Amino acid sequence: MKEIKCPNCGKVFQVDESGYAQIAQQIRDQEFARELAKREQELSQKREDELKLVRMEQEKINAEVLSKKEAELSEQASRIEQLKAQISAGENEKKLAVSEVMQKKDAEIAEQASRIEQLKAQLSAGETEKRLAVSEAIQQKEKEITEKTTEITELKGKLSSKEAENQLKERSLKEQYEEKLKLKDEQIEYYRDFKARQSTKMVGESLEQHCLTQFNSIRMTAFPSAYFEKDNDARSGSKGDFIFREASEDGTEFISIMFEMKNEMDTTATKHKNEDFFKELDKDRREKGCEYAVLVSLLEIDNELYNNGIVDVSYKYEKMYVIRPQFFIPIITLLRNAALNSLKYRRELQDIRRQQVDITHFEENMNAFKEGFARNYRIASDKFNTAIEEIDKTITHLQKIKDALLSSERNLRLANDKADGLTIKKLTKNADSVREMFEQLKEEK
């Protein structure tokens, strides 16, 4: 239902969808009519402005032509007066000449007047053409208006048929809803009776056994390779009721669900709510590595939210659903089929993860090789530098030996030179007695 406020009295009243659509259609028709009238007025005004502009331009041209011709006539008249003055003072031949000139000028004046009339006729023809163009534009606009009116009529007819169709659909949906509501009431009564016939201790166990029996009845036909067993791992301090897992032939797990079954007697003093178990169920799901969490509940039996079917509570906890027992098999089927559609992408994701692991190993091997190579290069570089330093030291030592040998050779050369220049005279230079002995020996010889 739509609310509409009256702009005059300020009263707010409600209308249904069809009434609201009719009012909106009337407003649109009125707006279209106003817009159409406005467009026609603008077009007419535009044509009138164009005609006025053409008239003004034509009048301007005519005025220029007339002023020019009047100037010429004035000039001719002055010349005629001059000629008349000359004729009055001249001879008859001049009079005849003046007469011929006057006739010629009269002919020119008549010709100019004829041209002016032609221009006026052309201006009148132009105005007629403009009027015809305006008339054609108005006819075209009237044709468009007629087409729009026909289209609006067709739309109104379609709208009325659409309203009838919507009424039929509404009646059909109402009947379906009433039938579903009747089935819901019957199911509620069934489960109330089911719970009333059980003891407090057996309430939860019976719901678990009911779900297990439902699953086992179709296990071999619908889920032959699936895992569905009770959760007996309580190492973290809590556990769910059942775990459902299924993998493809190549071992790729594509669906896993943690189930929790909750029920209580109608005579229980403290009534639990479904929300009381969300946090613990989400904790169990994460600890057991399950993708989805499903609470199968007979709590809050009068709550229409949970009685309508599968309730998605992922706005509070990720990938969590609350169902009644009759939706136990459908929720498994829905989640399993959705997961099967994504199995291809899961395999591709696993391949990508394996490739990333391989790339990580490759990078680790590459880094290990680079580190080993860098270490060996550093050691080799250090040893090479040490060898270079030792070679430099050896070269320095050899250079010293070379210098020593060169110095020794120089001293030997000097000694040889000294030996070559050694004479008895030099030896006995300051030894007179020895010189005398050598002279005696020389004389004896």
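A nonpolar surface patch of about 610 Å² is formed by F362, M366, F369, F373 and Y377, where patches consist of residues with over 30% relative accessible area and no salt bridge, like charges being joined within 9 Å and nonpolar side chains (Val, Leu, Ile, Met, Phe, Trp, Tyr) within 5 Å. A salt bridge is here a side-chain nitrogen of Lys or Arg within 4 Å of a carboxyl oxygen of Asp or Glu, and accessible areas come from the Shrake-Rupley method with a 1.4 Å probe, only the protein chains shown counting as cover for residues. The model is predicted, so that local features need pLDDT of at least 70 and side-chain atom pairs count only at pLDDT 80 or more, whereas totals for chains, interfaces and linings use all residues. Residues are numbered from 1 along each chain as its sequence is written, and side-chain values use heavy atoms, with hydrogens and water left out.

With a relative accessible area of 53%, F373 is exposed (buried means under 20%, exposed over 50%, and partly exposed in between, with a 1.4 Å probe and protein chains only).

The structure holds 12 aromatic pairs, defined by rings of Phe, Tyr and Trp (its six-membered ring) whose centres lie within 6.5 Å, with planes under 30 degrees apart taken as stacked, over 60 as edge-to-face and the rest as tilted. The pair of F228 and F259 is edge-to-face, because the ring centres are 6.1 Å apart and the planes stand at 75 degrees. This pair links distant parts of the chain, since F228 lies in strand β3 (residues 227–230) and F259 in strand β5 (residues 253–262), 31 residues apart. F228 is buried at a relative accessible area of 1%, and F259 is likewise buried at 0%. In contrast, F373 and Y377 form a stacked pair, 6.5 Å centre to centre with 15 degrees between the planes, and both residues are exposed.

F228 and F259 also belong to one aromatic cluster together with F215, F223, F242, F244 and F328. In the largest nonpolar core, which has 28 residues, F244, F259, V294 and F328 touch the most other members; such a core is a set of buried Ala, Val, Leu, Ile, Met, Phe, Trp, Tyr and Cys residues joined through side-chain atoms within 4.5 Å. Among the elements that each supply at least two residues of this core are α3 (202–222), β4 (242–247) and β5, while α6 gives the most, with six residues.

How values were computed:
Helices (H or I, at least four residues) and strands (E, at least two) are DSSP runs, numbered from the N terminus.
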